[in-house]
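Work through the exercises below with the structure open. Each gives a task and then a stepwise solution.

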Amino acid sequence: MPPRALALATGPTAWAWMLVALTACGQSAAEVPPAAPAPSAVVPASATSPAQARTSPPPAPATTQDSPATIHGELAVVQGQRVLRVWGTPTQMGHAHGFLLRDSILEIVDGYALDVIPPTALATAASLYTTIADISPRLREETEGIIAVMKQAGGARVPGLDRDLQASDLLVLNAMTDLLAIGCSSVSAWGPSTADAPQLAGAPALVRNLDWSEDPQLLGNQVIIVYRPDDPKRQPVVSVAFAGYVGCLSCMNEAGVSALFNMGYGEGAAGLSTALAGFSPSNLLLRDALEQRDIDGDGRSTADDVEALWRRKTHAGSYILHLIEPRRSDVDTPARVLEVEADGVVRRDPDAEGALGPQMLAATNHLRRKTEPSSCSRYRRVERTVTKAEHQFDRDSLWALGSTLRLPQVVHAVLVEPEARALQVWLRKPSETDDATSSPVAHTWSSLVGTPGAAP
């Protein structure tokens, strides 16, 4: 099977440089493969059936010295979408994840990931990654738990690697957004822009597209993951992701703080020497940030906590975080955009003088405040639609706007309502096109997680 044509980010990221350097080891300069074409040139793979998911918790594997006696998790199918719920310690959550989604994890790695990161590069990068990457010990422990139980529950061998999958491999694959030039778009609205919508009545809402790949193994193994950590200093998080993905791409926590990740096409990514000094992989850091109840010490869980952690850490790539939270009396707007590169973090707030006005924000992939805004047809489409709608949106019209922004590589779309703790989710099936009109599935916090603060 030929490799999928996926691009390194514009302005190569740390991992882009690193993998070029690693794969070049032992090769002449002429042998180093060129960068792949842009995302619009993604070549879809031939369709194959996704791994068959277990739809209810099977009996726990035989207890050994290292295996759990009880699986702290369950896998359900809700209106056609898989929902994985895990709880307890990081190891317990990892064990449940690895046990219930073992087949899907192996299919993603062997059928998709190894066509993006060659096996030799993955092995070398994984070895280096465990040394230089700044990753929460809890997430390292959780990832170790995934791999440990996979080995006990049928094996973790990956044919394309010709060896067992390791925790370090999985951590590298969770940092693929620091390598790939994926797309993404997001638009948020609140206040007067949603005041006339009966379901919203002025509450904030955000629609987002994750534009990544048309690969059938990736599309067919999407899952909504619900984390319920046992640490009282941490809180439940809902993540729209893939089997084996412990980071955050589209996430909401119990406080309603929601974070949506977009790749940035800026020029400020770290070079190899800077990256080798250490950095925080973006999506792993985001999971850790949303789980923590109070990072800045003000006694609350807000978007300020995410921003505070981001300003403390070292970053390598070029990317954008669109944050939205319930309305607060001490701030004017419930949404903000963080534009992140190796040389720092810049916050973008609504522009009362701009086309979107003071009650809307949009993000595609171009930086708009950290550097001079670049021309972007999708951003202009948002501006035209907002003007035509006279800044008035409800759930349906916001979803419709998001649908017009999808790229051919769209993987999922989500409508977030942070005050209601509600999500509408469309997970693209391998058989669907990017312009599919399938309705999203509506999920409430209680249906996904349960009553806030209650035991699982």
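**Exercise 1.** Find how many disulfides the whole structure holds, and state which cysteines form a disulfide.

Solution. Step 1: a search of the whole structure of this predicted model finds one disulfide. Step 2: the sulfur atoms of Cys 248 and Cys 251 lie 2.2 Å apart. Step 3: the cut-off for a disulfide is 2.5 Å, so a pair of cysteine sulfur atoms within it counts. Cys 248 and Cys 251 therefore form a disulfide.

**Exercise 2.** Determine the handedness of the link of Cys 248 and Cys 251.

Solution. Step 1: read the angle about the S-S bond, which is -100°. Step 2: with this value, the link of Cys 248 and Cys 251 is left-handed.

**Exercise 3.** Classify Cys 248, Cys 251, Cys 184 and Cys 376 as buried or exposed.

Solution. Step 1: buried means under 20% relative accessible area. Step 2: Cys 248 has a relative accessible area of 0%, so Cys 248 is buried. Step 3: Cys 251 is at 2% relative accessibility and therefore counts as buried. Step 4: Cys 184, at 0% relative accessibility, is buried too. Step 5: the relative accessible area of Cys 376 is 7%, so Cys 376 is buried.

**Exercise 4.** State the mean pLDDT of the protein, and say what pLDDT the residues 1-15 and 20-67 have.

Solution. Step 1: the protein has a mean pLDDT of 85, with 82% of its residues at 70 or more. Step 2: residues 1-15 have pLDDT below 50, and this stretch has 62 contacts in the model beyond near neighbours in sequence. Step 3: over residues 20-67 pLDDT stays under 50, and the model has 78 contacts for them beyond four places in sequence. Step 4: where pLDDT is low, the predicted coordinates should not be read in detail.

Methods:
Residues are numbered from 1 along each chain as its sequence is written. This is a predicted model: local features need pLDDT of at least 70, side-chain atom pairs count only at pLDDT 80 or more; totals for chains, interfaces and linings use all residues. Side-chain values use heavy atoms; hydrogens and water are left out. pLDDT is the predictor's confidence in each residue, from 0 to 100. Contact means heavy atoms within 4.5 Å. Buried means under 20% relative accessible area, exposed over 50%, partly exposed in between (1.4 Å probe, protein chains only).
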